[in-house]
Structure formats: C-alpha cells, structure tokens
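Trainee: I would like to learn how to read a model of this kind with care, term by term. Could we begin with what a contact is?

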Amino acid sequence: MFERLNTPEEAYNYQLGATLKMEQISLGILEKNAEEAQDPQVAQLFRHHHDETESHIRNVEEAFRLMGWQVDDSACPAMQALDKEGKMNAKKTDEAIVDSILLQSATEVEHHEIAVYENLIINAMAMGRDDVAKVLQRNIDDEQHTLQEVKEMQARVAAHTPKQPL
C-alpha cells in the first residue's frame with residue numbers, strides 16, 4: 001500500500017495492516033498445531049486460541065474502521081519467519097516430543113504478538129486515539145492470558161516427556 005511511510009498515521013496504518021496479516025498467519029499456525037498435537041489438552045489449547053484469534057482479527061478490523069481507513073493487510077515478515085521456523089522444527093521432531101516443540105514455538109509467537117500490540121497501543125494513545133487503544137487492549141489481554149496458559153502447558157508436557165540420555 002505504501003512505498004514509503006512519511007507520517008505517523010501512514011506508519012500506524014501500515015503496522016495495523018501487518019498486525020492483521022500477523023493474526024491471519026497465526027490462524028494457520030494454530031490450525032496446523034492443533035492437528036499435529038499428540039496430547040488432546042495441547043490440541044484443545046491451540047483450538048481455543050484459534051477461536052480467540054478470529055476475534056482478534058475482528059478487533060484489528062474495528063481499529064481500521066475507527067481510524068476511518070479501509071481494512072488492508074501489510075507484509076509481516078517476522079510472523080512468516082516464526083511460522084517457517086515452527087514448521088521446520090516440527091517436521092524434524094519425533095512424535096514423542098512434538099507437543100513440547102509446538103508449545104515452545106507458541107511461546108515465541110505469543111511474545112511477538114504481545115510486543116506488536118504494546119507498540120500499537122502506545123502509538124494509538126500518542127495520537128489521542130484512546131478508542132483504538134481500548135479495542136486493541138482486548139487483544140493484548142487475550143495474548144497475555146494465552147502466553148500464561150501456553151507456559152503452564154509447556155511445563156506440564158516437559159515434566160511428563162520421557163528423558164533420553166544424550
């Protein structure tokens with residue numbers, strides 16, 4: 001959409017679009033993770049976050065509307081890289097430890113998403129757009145809660161994974 005970002009508003013529009021793309025990529029990751037998970041509780045965690053992510057997309061679209069902009073997505077190379085890394089790691093992982101690898105990847109994704117929303121909220125507030133910040137705060141609240149759930153599940157899975165000598 002933009003060849004060069006010349007104003008804070010253009011930069012924000014671009015970042016909001018990258019956030020939309022981030023959430024769309026996240027949907028695909030969560031679908032794949034739910035299918036690949038061995039533990040039903042791990043699969044359920046990914047399915048639950050998939051449902052939340054659909055609401056995150058609606059919230060980002062609402063932020064576009066509040067700003068008076070057309071909904072548009074932008075490239076999100078960071079999320080594409082996290083997706084690629086996660087797929088590569090899962091592919092070369094034995095089924096016995098795949099849940100642990102999927103959860104480790106999910107932790108990285110959640111941290112990235114939280115950072116993205118923190119930046120969007122800070123900049124919305126700086127532009128005097130408390131309405132946009134409030135909509136995006138719902139997403140960061142979900143992401144922080146999900147990160148905690150992922151970390152707890154990761155600890156449970158790691159504790160029950162059979163250890164092999166190196």
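Mentor: Contact means that heavy atoms lie within 4.5 Å. With that cut-off, and not counting residues up to four places away in sequence, His-50 touches Leu-27, Leu-30 and Glu-31. Before going further, note that this is a predicted model, in which local features need pLDDT of at least 70 and side-chain atom pairs count only at pLDDT 80 or more, while totals for chains, interfaces and linings use all residues. Residues are numbered from 1 along each chain as its sequence is written, and side-chain values use heavy atoms, with hydrogens and water left out.

Trainee: Where is His-50 found, and is His-50 buried or exposed?

Mentor: Buried means under 20% relative accessible area, exposed means over 50%, and partly exposed lies in between, with a 1.4 Å probe and protein chains only. His-50 is found in helix α2 and is buried, with a relative accessible area of 14%. Ala-75, in the loop between α2 and α3, is partly exposed at 46%, and it touches Tyr-14 and Ala-18 when residues up to four places away in sequence are not counted.

Trainee: What does the secondary structure of the chain come to?

Mentor: Helices (H or I, at least four residues) and strands (E, at least two) are DSSP runs, numbered from the N terminus. Here the secondary structure comes to five helices and zero strands, which gives the pattern α-α-α-α-α along the sequence. Of the 166 residues of the chain, 45% count as buried, and residues 24 or more positions apart account for 78% of the contacts with a separation of 6 or more.

Trainee: How should I read one face of a helix, and which residues of α3 are buried?

Mentor: An α-helix has 3.6 residues a turn, so residues three or four places apart point the same way. In α3 the buried residues are Met-79, Leu-82, Asp-83, Gly-86 and Ala-90. Seen down the axis of α3, these buried residues fall within an arc of 100° (taken from the directions from the helix axis to the C-beta atoms), so they line one face of the helix. They pack against α1 and α4 (98-126), whereas the face turned away from the buried side carries the exposed residues Pro-77, Lys-84 and Lys-91.

Trainee: How is an aromatic pair described, and how many does the structure hold?

Mentor: A pair of aromatic rings is described by the distance of the centres and the angle of the planes. Rings of Phe, Tyr and Trp (its six-membered ring) pair if their centres lie within 6.5 Å, and planes under 30 degrees apart count as stacked, over 60 as edge-to-face and the rest as tilted. The structure holds one aromatic pair: the rings of Tyr-12 and Trp-69 have their centres 6.3 Å apart and their planes at 50°, so the pair is tilted. It links distant parts of the chain, with Tyr-12 in helix α1 (residues 8-36) and Trp-69 in the loop between α2 (40-67) and α3 (77-91), 57 residues apart. Both Tyr-12 and Trp-69 are buried.

Trainee: Which residues have the most contacts inside the largest nonpolar core?

Mentor: A nonpolar core is a set of buried Ala, Val, Leu, Ile, Met, Phe, Trp, Tyr and Cys residues joined through side-chain atoms within 4.5 Å. The largest has 28 residues, and those with the most contacts inside it are Tyr-12, Leu-16, Met-79 and Leu-136. To this core α1, α2, α3, α4 and α5 (130-160) each supply at least two residues. A second, separate core of 15 residues includes Leu-45, Val-98, Leu-103 and Val-157.
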